[in-house]
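Open the structure in your viewer and keep the sequence panel beside it. The tour below says what to select next and what is there.

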Amino acid sequence: MFEDLPEHPDYPRILAVFNDTTGPLRARDLCEALDHELLPKNIEGTRAKLKRLVKLDILIECDACQRSLKTDPRRVSEN
């Protein structure tokens with residue numbers, strides 16, 4: 001797993017979702033995949049986590065709203 005990954009339990013789950021997809025995801029799509037209620041606070045919290053993963057160089061930002069795995073998805077493992 002990534003050494004710099006924050007300790008919040010959603011981060012491994014987020015990476016697992018990206019590992020199972022082939023393209024970029026929006027924060028709203030990720031909330032649905034994680035079974036979070038589609039409330040603005042949940043979507044914004046997920047968006048913040050995605051931005052942190054971009055800063056950690058784990059994800060890339062495809063456009064203003066979509067993120068994708070930067071590395072080979074086969075290297076991302078679940079705990």
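**The whole chain**

Take the contacts (heavy atoms within 4.5 Å) in the chain with a separation of 6 or more: 45% of them are between residues 24 or more positions apart. This is a predicted model, in which local features need pLDDT of at least 70, side-chain atom pairs count only at pLDDT 80 or more, and totals for chains, interfaces and linings use all residues. Residues are numbered from 1 along each chain as its sequence is written, and side-chain values use heavy atoms, with hydrogens and water left out.

Colour the chain by secondary structure. There are 3 helices and 3 strands, in the order α-β-α-α-β-β from the N terminus. Helices (H or I, at least four residues) and strands (E, at least two) are DSSP runs, numbered from the N terminus.

Next, colour by pLDDT, the predictor's confidence in each residue, from 0 to 100. The chain averages 81, and 76% of the residues score at least 70. Select residues 73-79: here the pLDDT is below 50, and the stretch has 11 contacts in the model beyond near neighbours in sequence. Where pLDDT is low, the predicted coordinates should not be read in detail.

**The core**

How much of the chain is buried? Of the 79 residues, 34% are, where buried means under 20% relative accessible area, exposed over 50%, and partly exposed in between (1.4 Å probe, protein chains only).

Select Leu5, Ile14, Phe18, Leu30, Leu50 and Leu53. These have the most contacts inside the largest nonpolar core, which has 16 residues. A nonpolar core is a set of buried Ala, Val, Leu, Ile, Met, Phe, Trp, Tyr and Cys residues joined through side-chain atoms within 4.5 Å. Helices H1 (10-20), H2 (27-33) and H3 (40-55) each give two or more residues to this core, and H1 gives the most, with 5 residues.

In H1, 8 of the 11 residues are buried, so the helix is largely enclosed by the rest of the structure. Among the buried ones are Tyr11, Pro12, Ala16 and Val17.

The axes of H1 and H3 come within 11 Å and cross at roughly 80°. Axes are lines fitted to C-alpha atoms, for helices over the stretch in contact, and angles run from 0 to 180 degrees between N-to-C directions. H1 and H3 are therefore roughly perpendicular to each other, a term for angles of 65 to 115 degrees.

Asp10, Tyr11, Ile14, Leu15 and Phe18 in H1 meet Lys49, Leu50, Arg52 and Leu53 in H3. By type, the residues of this contact are 6 nonpolar, no polar and 3 charged. Ala, Val, Leu, Ile, Met, Phe, Trp, Tyr, Cys and Pro count as nonpolar, Asp, Glu, Lys and Arg as charged, and the others, Gly among them, as polar.

Zoom in on Asp10. Aspartate 10 is buried, with a relative accessible area of 9%. Not counting residues up to four places away in sequence, aspartate 10 touches His36 and Lys49.

**Two loops**

Go to the loop between H2 and H3 and select aspartate 35. Is aspartate 35 buried or exposed? It is exposed, with a relative accessible area of 70%. Its phi is near 60°, a positive value in a residue other than glycine.

Finish in the loop between H3 and strand S2 (59-61), where isoleucine 58 is found. Isoleucine 58 is buried, with a relative accessible area of 3%. Between the C-alpha atoms of isoleucine 58 and aspartate 4 the separation is 9.4 Å, although the two are 54 residues apart along the chain.

Definitions and conventions: Parallel < 35°, antiparallel > 145°, perpendicular 65-115°, else oblique.
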